[in-house]
Amino acid sequence: MSLQSLALIENWPVPTAAAGVVRADGTVLGTHGPADHRFPLASVTKPLTAYAALVAYEEGAVELDQPAGPPGSTVRHLLAHTSGLAFDEHRTMSAPGERRLYSNAGFEQLGDHIVQATDIPFAEYLRQAVLEPLGMTSTSLEGSPAKDGVSTVADLLRFAAELQAPRLLDPRTVAEAMTVQYPGTKGVLPGYGHQNPNDWGLGFEIRGAKSPHWTGSSSSPRTFGHFGQSGTFLWTDPEAQVAAVALTDRAFGPWAIEAWPAFTDAVLAEIRG
């Protein structure tokens, strides 16, 4: 089966794009574009960082509810964007747990916390904990754990299969990561404005009832994933039992707000047949 809907990326106003869809058992239902081309991920780095943090939790190196980040904050707060840290500055804007303040700084402090706990540079810990076991040989972290990952569609499809049928983590840990943390928390979804509630799990955005949104109108509320300002996204829809990845080399903007939901709806419609 090769999904015709993936060809919609040819209509996107971008220099280069690649996309793919995968089932939980690792069956790739189709790819389109250069699946081995390495793209900067921007914030699609965060799910990879979060997964490494959850490996560190299962290994006993960190606890989800131990102090990390600003005073009163924990590893869980950092993963769920509720530490109170500002977007790109290491300063506190609110008390932990009060608001969903999307924060690159929070993920950088999370990376630092794991380095202190394991005595391993974070990029190396990510490689050992997640990338190498999944065979993601074309993926690397080139700087910030919040936004400096580089990867390919082929590699991210391996990760997306793992999210659906975990081998590196206990399925209960992954289920917790896909469960809303601090329910009812309001906040801004970058690029899409104020959302009430702004649902988030542990490093993964949860679609819930958000509107507008970068996934499709037919995406289930349980859909989780992330998009990046470099024009990238990864989502997993547990009800459709598939995940999709799309990577481009044009910054997120109005073109993506228009193109991405239609793409997702077309993929889901084709899969549902």
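How far apart are the mean positions of the positive and negative charges of the protein chain? In this predicted model, the 18 positive and the 29 negative charges have mean positions that lie 5 Å apart.

**View 1. The protein chain as a whole, with its fold elements and overall extent.** The secondary structure of the protein chain is made up of 7 helices and 11 strands, and the C-alpha trace spans about 50 × 40 × 35 Å along its principal axes. The radius of gyration of the protein chain is 17 Å, which agrees with a compact globule, because a globule of 273 residues would have a value near 19 Å.

**View 2. Surface and interior of the protein chain.** Of the 273 residues, 58% count as buried, while the protein chain exposes about 10,600 Å², of which carbon and sulfur atoms supply 51%. When contacts between residues at least 6 apart in sequence are considered, 58% of them join residues that are at least 24 apart.

**View 3. Ser-151 and its place in strand β5.** Ser-151 belongs to strand β5, which covers residues 149-151. Its relative accessibility is 0%, and Ser-151 therefore counts as buried, the cut-off for this being under 20%.

**View 4. The surroundings of Ser-151.** A polar contact of 2.6 Å joins the side chain of Ser-151 to the side chain of Thr-139. Neighbours within four places in sequence left aside, the residues in contact with Ser-151 include His-37, Arg-38, Phe-39 and Leu-41, together with Met-136, Ser-138 and Thr-139. Leu-156 and Leu-247 are also among the residues that Ser-151 contacts.

Notes: Residues are numbered from 1 along each chain as its sequence is written. This is a predicted model: local features need pLDDT of at least 70, side-chain atom pairs count only at pLDDT 80 or more; totals for chains, interfaces and linings use all residues. Side-chain values use heavy atoms; hydrogens and water are left out. Helices (H or I, at least four residues) and strands (E, at least two) are DSSP runs, numbered from the N terminus. The radius of gyration is taken over C-alpha atoms; the globule rule is 2.2 Å times the number of residues to the power 0.38. Buried means under 20% relative accessible area, exposed over 50%, partly exposed in between (1.4 Å probe, protein chains only). Contact means heavy atoms within 4.5 Å. Accessible areas come from the Shrake-Rupley method with a 1.4 Å probe; for residues, only the protein chains shown count as cover. Lys and Arg count as positive and Asp and Glu as negative; His and the chain ends are not counted. The place of a charge is taken as NZ of Lys, CZ of Arg, CG of Asp or CD of Glu. A polar contact is a pair of N or O atoms within 3.5 Å; within protein, one must be able to donate a hydrogen and the other to accept it, and residues adjacent in sequence count only if both atoms are side-chain atoms.
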